[in-house]
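Please open the model in a viewer and keep the selection panel at hand.

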Amino acid sequence: KSDFVRRELDDIRTFRPDMVVLHYPDQLGVAGGWNEAMRVDPHAPYWLIVSDDVHFEPGSLKLVAEWAHRNLQNPQSKIWFHYVTIGEDKLHGSFILTNKVVRELGLYDENVFPAFCEDTEYEMRMNMWETLHGMPTWSTRDVMKGPDGKLIPLTHNNLPNGKGYISGTIRNIQSSSTDPETKKQYVALHKSMGCVYGREKWGFLTTVPNANQLQRLYRTPHNIPNIPLWLWRLDVRRRRCELDGGTHCPYDWNLLSAERT
């Protein structure tokens, strides 16, 4: 509905007439939006997911594609998920998922709604897969280097090399230079039922669990025996409760208990 968005889309169509634009009557949330990108082309070998405020400098997308194809063609590679990193930063503002990781671990859980913690919940699945199978599934090695070995800038929120990124942790939100009102909104999102759901699903949420935390991490979603790591089912009534402004919208565990293998 925005004139600015329409102008941007018209500009993109001049060099990518095959661009697909999808419209939805309701808010999908971050997880739902990411999933729709994969549902459009479910047989793609990989997907590059980016935030709408990420800007790739000329040549950087070519490097991303070259890395993905090299990785996919290497039968020894076990890396299925890759952050498109800038220096030492690990950003969920731009990342690659291969078809392999989605087949093994599923799509993002859309019960984590509307934003924050959907990325951490997926990382908990990858951590548990690595614990069960003894091999890494992800990488944070830098792929944003040109032929001369220098970093190609990637801007996020109009700032270079990830400096505009605001992490989902409350500590990073509070220490950011974001205006107070936006900080307040971000903190409220972090405390939303989506993050509560994520903690209920795995026992706790953290991006890099230590050895003691891995021992406490549920081996299966919601600690329900004999269900696969990839399994989630959207609780439609809970979503409607959230959209209606409800403050207590419990998840219906019966949606999963019938899925035991």
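Select Arg125 and Glu121 first: their side chains meet in a salt bridge (2.7 Å, N to O), a term that denotes a side-chain nitrogen of Lys or Arg within 4 Å of a carboxyl oxygen of Asp or Glu. Both residues belong to helix 5, four residues apart, about one turn of the helix. Helices (H or I, at least four residues) and strands (E, at least two) are DSSP runs, numbered from the N terminus. Arg125 is buried, with a relative accessible area of 0%, and Glu121 is likewise buried at 0%. Here buried means under 20% relative accessible area, exposed over 50%, and partly exposed in between (1.4 Å probe, protein chains only).

The model is predicted: local features need pLDDT of at least 70 and side-chain atom pairs count only at pLDDT 80 or more, while totals for chains, interfaces and linings use all residues. Residues are numbered from 1 along each chain as its sequence is written, and side-chain values use heavy atoms, with hydrogens and water left out.

Next, select Arg39 and Glu110, whose side chains form a salt bridge (2.9 Å, N to O). This pair links distant parts of the chain, 71 residues apart: Arg39 is in helix 2, and Glu110 is in the loop between helix 4 and helix 5. Arg39 counts as partly exposed at 38% relative accessibility, whereas Glu110 counts as buried at 10%. A search of the whole structure finds 13 salt bridges.

Remain in the loop between helix 4 (99-105) and helix 5 (118-133), where Pro114 is found. Which peptide bond is cis? The bond from Phe113 to Pro114 is cis, with omega near 0°. Most residues other than glycine have a negative phi, and most peptide bonds are trans. Phe116, in the loop between helix 4 and helix 5, has a positive phi of about 80° although it is not a glycine. Cys117 lies in that loop as well, and its phi is positive too, about 85°. Phe116 is buried at a relative accessible area of 14%, and Cys117 is buried at 9%.

Now move to helix 10 (residues 236-243), whose buried residues are Arg238, Arg239 and Glu242. They cover an arc of only 100° around the axis, which puts them on the same side of helix 10; the arc is that of the directions from the helix axis to the C-beta atoms. Val236 and Arg237 are exposed on the other side of helix 10. What covers the buried residues includes helix 8 (193-202). Arg238 forms a salt bridge with Glu242, the closest N and O atoms being 3.6 Å apart. At the N-terminal end, Asp235 caps helix 10, with a side-chain oxygen 3.2 Å from the backbone nitrogen of Arg237. Gly245, whose phi is positive, near 90°, follows helix 10.

Finally, select Leu22, in the loop between helix 1 (3-13) and helix 2 (29-40). Leu22 is partly exposed, with a relative accessible area of 41%.

Of its 261 residues, 43% count as buried.

How values were computed:
Contact means heavy atoms within 4.5 Å. A polar contact is a pair of N or O atoms within 3.5 Å; within protein, one must be able to donate a hydrogen and the other to accept it, and residues adjacent in sequence count only if both atoms are side-chain atoms.
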